[in-house]
Amino acid sequence: MRYSIIIPVYNRPDEADELLESLTLQTLKDFEVIVVEDGSAIPCREIVKKYEDQLNIHYYDKPNSGPGQTRNYGAERAKGEYLIILDSDCVLPPGYLNEIEKELARKPADAFGGPDRAHSSFTHTQKAINYAMTSFFTTGGIRGGKKKMDKFYPRSFNMGIRAEVYHTLGGFSKMRFGEDIDFSIRIFKGGYACRLFPEAWVWHKRRTDLKKFFKQVHNSGIARINLYKKYPESLKLVHLLPAIFTLGVVLVLLASLICPWSLALLGIFAGVIFIDSSIANKSPLIGIISVMAAFIQLTGYGSGFLAAWWKRCVLGKQAFSAFEKNFYE
């Protein structure tokens, strides 16, 4: 078996259906699919049954333990030479696995990952969120989708790794958020070759509304400090930008009480986002939503980062006691 595709699922049967449908269209067929239900209240067992005649598919149901441990559960049962980790809210183009095969033939890699895109069928909000997460004007460059980066850290929505390396490293840690970056850091520390496969991209739906999006990026900001506590060298200057932006927004709002013209600074940023997104998405409405999404992306991440810095670096709390509701360890 060449590839084992591992899909953790939590209360997302409709999304799992779309992903599995896209897997039936793959031009390369040497793969198995492992769907692991992470204690869902709305299971996807019946969805999986639809594809039993079209895919080499295996379904498992286990108590909730978070995405990292759920991926490990699937990896323990996988037979493939390479493990492909996908989020359930992704959809694959037909040539996805073929592009991975081309890259591996060109130059071997122990681990790899690909970028993400927005599909034409996505809602306006999903397209705006995708813009906020990939734009040059937010923190899109931090995520790593560019060849010029010195190191590429795969994310768990689209990650591949040799099964032997996965098991040697012990798979994902017990972190509830940031576990994919933690794993990528350990890949590099282990001396393994890891790189970006630019054509092995996926359509990634992300969150479906702005409230859920804020929670996601807020947790990502918290995770960055937790990662810093484990790997101090992993924190770069660029990771501070959302926190600086968040503090800047607060200062501008306070200054506006004395000098209303200071709000022009935020207006300029909003204008740039609106124009760029409107052109990229060919929709002024998506441009407007993108302004909201960009502010949420930056301030959500920044506020999580600052909260975690205060609790963990200043007050000295451990990850679980500081963020018990977030199930960090």
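**View 1. Tyr82 is a buried residue in this predicted model.** Y82 has a relative accessible area of 6%. Buried means under 20% relative accessible area, so Y82 with its 6% falls in that class. F112 also counts as buried, at 2% relative accessibility.

**View 2. Y82 and F112 form one of the aromatic pairs of the structure.** The structure holds 14 aromatic pairs. In the pair of Y82 and F112, the ring centres are 6.1 Å apart. The planes of these two rings stand at 50 degrees to each other, and the pair is tilted. Y82 belongs to strand 4 (residues 82–86), while F112 belongs to strand 6 (residues 111–113). The two residues are 30 apart in the chain, and their pair links distant parts of it.

**View 3. Y3, Y82, F112 and F197 make up a cluster.** Ring pairs link these four residues.

**View 4. Y166 and F172 form an edge-to-face aromatic pair.** The distance from centre to centre is 6.0 Å, and the angle between the planes is 65 degrees. Planes over 60 degrees apart count as edge-to-face, so the pair of Y166 and F172, at 65 degrees, is placed in that group. Both residues, Y166 and F172, are buried. The ring of F172 also has R71 over its face, at 4.8 Å from the ring centre.

**View 5. R77 places its charged end over the ring of Y73.** The charged end of R77 is 3.5 Å from the centre of the Y73 ring.

Methods:
Residues are numbered from 1 along each chain as its sequence is written. This is a predicted model: local features need pLDDT of at least 70, side-chain atom pairs count only at pLDDT 80 or more; totals for chains, interfaces and linings use all residues. Side-chain values use heavy atoms; hydrogens and water are left out. Rings of Phe, Tyr and Trp (its six-membered ring) pair if their centres lie within 6.5 Å; planes under 30 degrees apart count as stacked, over 60 as edge-to-face and the rest as tilted. Helices (H or I, at least four residues) and strands (E, at least two) are DSSP runs, numbered from the N terminus. Buried means under 20% relative accessible area, exposed over 50%, partly exposed in between (1.4 Å probe, protein chains only). A charge sits over a ring if NZ of Lys or CZ of Arg is within 6 Å of the ring centre and within 35 degrees of the ring normal.
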